[in-house]
Amino acid sequence: MFVCLCHSVSDKKLRRLILEDGISDMREIRRCTALGSQCGKCVRQAKEILNDTVAAQYKQAS
Ligand code: FES
């Protein structure tokens, strides 16, 4: 599913950036993908995916 339609960023791509590339904040996600730099409608959902993925990763590690 696309999270950011303006820049064609999917939820899979976001999870890959977080889990495989170690990205852990919105600033880095924006730098890598340009997500949120046009209409901004995607930012809230992207933050939710970031928080959920980081939380799941942390839970798995403990
Ligand atoms: S949907 Fe992401 S900037 Fe428009």
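**Note on the predicted model**

1. According to the unreviewed UniProt entry, residues 3–51 carry the annotation "domain: BFD-like [2Fe-2S]-binding". The model discussed here is a predicted one.

2. The protein contains two strands and three helices. Their order along the sequence is β-β-α-α-α. With a radius of gyration of 11 Å, close to the 11 Å that the globule rule gives for 62 residues, the protein is therefore as compact as a globular protein of that length. Along the principal axes, the C-alpha atoms occupy a box of roughly 40 × 15 × 15 Å.

3. Of the 62 residues in the protein, 23% are buried. Among contacts with a separation of 6 or more, 50% are between residues 24 or more positions apart.

4. Two packed helices are described by the angle between their axes and the distance between the axes. Helix α1 spans residues 11–19 and helix α3 spans residues 43–61. Their axes come within 10 Å and cross at roughly 45°, which means that α1 is oblique to α3. The crossing of α1 past α3 is right-handed.

5. Which residues of α1 and α3 meet? From α1, the residues are D11, L14, R15, I18 and L19. Their counterparts in α3 are A46, I49, L50, T53, V54 and Q57.

Notes:
Residues numbered from 1 in each chain as written. Predicted model: local features only at pLDDT ≥ 70, side-chain atom pairs only at ≥ 80, totals over all residues. Helix = DSSP H or I, 4+ residues; strand = E, 2+ residues; numbered from the N terminus. Rg over C-alpha atoms; globule rule 2.2 N^0.38 Å. Buried ≥ 20, exposed ≤ 12 C-beta atoms within 10 Å, placed from the backbone. Contact = placed C-beta atoms within 7 Å. UniProt positions renumbered as here; feature names shortened; annotations may be inferred. Axes fitted to C-alpha atoms, helices over the stretch in contact; angles between N-to-C directions. Parallel < 35°, antiparallel > 145°, perpendicular 65-115°, else oblique. Left-handed = near helix turned anticlockwise from the far one by under 90°.
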